[in-house]
Amino acid sequence: MASGFFRHPLYSDQRFNHLKVGVNGVIGTKRKSEESFYTGNPNFLYVGDEDDNKTDLGQDLSISPFYPQCYPSFSENPTSPWQLLSLANKPFTQKKIKRSVSMPETTVVNVNSIPRSNSTNSLPKLRFRDHIWTYTQRYLAAEAIEDAILENGLKVENKGHVDENHEMHLVQLLISCAEAVACRDKAHASTLLAELRANALVFGSSFQRVASCFMQGLTDRLAMVQPLGAVGLVAQPHRLNLIGSEKKKEALRLVYEVCPHIQFGHFVANSTILEAFEGESFVHVVDLGLTLGLPHGHQWRGLIESLSNQPGKCPRRVRITAVGQCASRFRIIGDELETYARELGVNLEFSLVESSLENLKPEDIKTYENEVLVVNSMLQLHCVVKESRGALNSVLQIIHELSPKVLVLVEQDSSHNGPFFLGRFMEALYYYSAIFDALDAMLPKYDTRRAKIEQFYFAEEIKNIVSCEGPNRVERHERVDQWRRRMSRAGFQAAPVKLMARAKEWLGKLKICEGYTIVEEKGSLVLGWKSKPIVAASCWKC
């Protein structure tokens, strides 16, 4: 059953975006050009430049035209918690809201004294302590609500409200701890981590479970924090808390079987590839990563079966080239696919390019004349998005030189590659809270499959986003709008995915719990959970 965290007004999309504005409200380096786009919620405006690795700015809702809609007044009583929350968004003067023991002491900064930029956007240049103040006052306001409830003797109606209050407290702990880690306050961060360990339970509610994963990531990051005055983090190992390969493979298999994320990507990719191969005699698929090395090559088994059942003649030759470093696993999958193809009367040739995407060279992929080529990238390209963008540009250039008839790109649709740690932290918390809430609705509370999926798959992604920096941070997920800009700069043109009706029919046949949605966004298809985007699929042509 889905957690009340997502149903209570304080934990709705509005509330989460309300919490994020203080985290992202920092102006980094000067932008070359600016643009704003709608994020799916009218209460949060994203302002970015050509390269979102430079700037990630959240609008202060207190000056937004949408702000009065966030928390309407339900009572004329001035002590109403909703009115207290609205009042708390006004700038502080010299008076501070009462602190609880769980909240860190924060110096209040007079926002009117902040110098304004001379740029045309006329936005204030906020310092690090300023944006910490912005979101801290919102949490102090939330605690003021709790105090008001206690002082007025208001009773909790049911256990659901108790759970929601507990989850609100967990949110406060997580953000306070992330702030302490960002400020290199090891003593205070350690105290908050100890409280998180006692409250973030692996077999608790969906938010308790996701909080336990973020707590692990904060613990790892704190271990690498240098003392004040030093720069950056201490040298970190290639991966933290390595999990056995067998456990990771099992977790990947369970994600494929239980969650529709990867299956959605396979459906869109195979439908697009079949359309590109229609009427062709020689066809070639270049698969980046071979769907993370998922056992048995499920995606290509489906494609082979569809090609064998096509009305008319089957292609005379089908080639699949896998690109990746898991050579032994890929060869096993290739042998299984060739055997399966022979049983269905399909002439399949499987080849392997043992190379990382960063080191891939054009001559590594062999192509033939009169051969129709497509490229398939399933949750792969975000791993080569770096600060310099050089690695990704190199990969996209190689793909462009292959002149594929179509490139299918499937990626997580969330902004986990921002330049500021606290901004990434809040985005990831919102994103993975939705995923864990979906798992809560699909699997029973003590189901071991759910524990394996969460702890051996999604927790690894969370810890990489939270604890790692530099080359070790590979989970650099970006929104579909950012991918659209990157692909356009690399010379690709968007090919609209016209599968909306079929995609909804496919989702209905899966017979999973209600809550998953598929929407079309500027030619891309986006799979989401309760309106929160999870995975986006797009197609591109040279």
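Q: Which residue forms a salt bridge with Glu427?
A: Side chains of opposite charge can pair when their charged atoms come close. A salt bridge is counted when a side-chain nitrogen of Lys or Arg is within 4 Å of a carboxyl oxygen of Asp or Glu. Here Glu427 pairs with Arg479, and their closest N and O atoms are 3.1 Å apart. Glu427 lies in helix 14 (residues 421-442) and Arg479 in the loop between helix 15 (448-467) and helix 16 (480-489), so the pair ties together parts that are 52 residues apart in sequence. Helices (H or I, at least four residues) and strands (E, at least two) are DSSP runs, numbered from the N terminus.

Q: What kind of model is this, and how are its residues numbered?
A: This is a predicted model, in which local features need pLDDT of at least 70 and side-chain atom pairs count only at pLDDT 80 or more, while totals for chains, interfaces and linings use all residues. Residues are numbered from 1 along each chain as its sequence is written, and side-chain values use heavy atoms, with hydrogens and water left out.

Q: Are Glu427 and Arg479 buried or exposed?
A: Buried means under 20% relative accessible area, exposed over 50%, and partly exposed in between (1.4 Å probe, protein chains only). Glu427 has 2% relative accessibility, so Glu427 counts as buried. Arg479 is buried too, with a relative accessible area of 16%.

Q: Which residues form a salt bridge with Glu371?
A: Arg317 does, with the closest N and O atoms 3.6 Å apart. This pair links distant parts of the chain, 54 residues apart: Arg317 is in strand 5 (residues 317-324), and Glu371 is in the loop between strand 6 (348-354) and strand 7 (372-378). Arg319 also forms a salt bridge with Glu371, and there the closest N and O atoms are 3.0 Å apart. Arg319 lies in strand 5 as well, so its pair with Glu371 ties together parts that are 52 residues apart in sequence. Both Glu371 and Arg319 are buried, and Arg317 is buried at 16% relative accessible area.

Q: How many salt bridges are found in the whole structure?
A: The search finds 21. Arg209, Asp440, Arg450 and Glu454 are linked in a network of them.

Q: How many residues of helix 16 are buried?
A: The count is 8 of 10, so helix 16 is largely enclosed by the rest of the structure. Among the buried residues are Trp483 and Met487. Just after helix 16, Gly491 takes a positive phi of about 95°.
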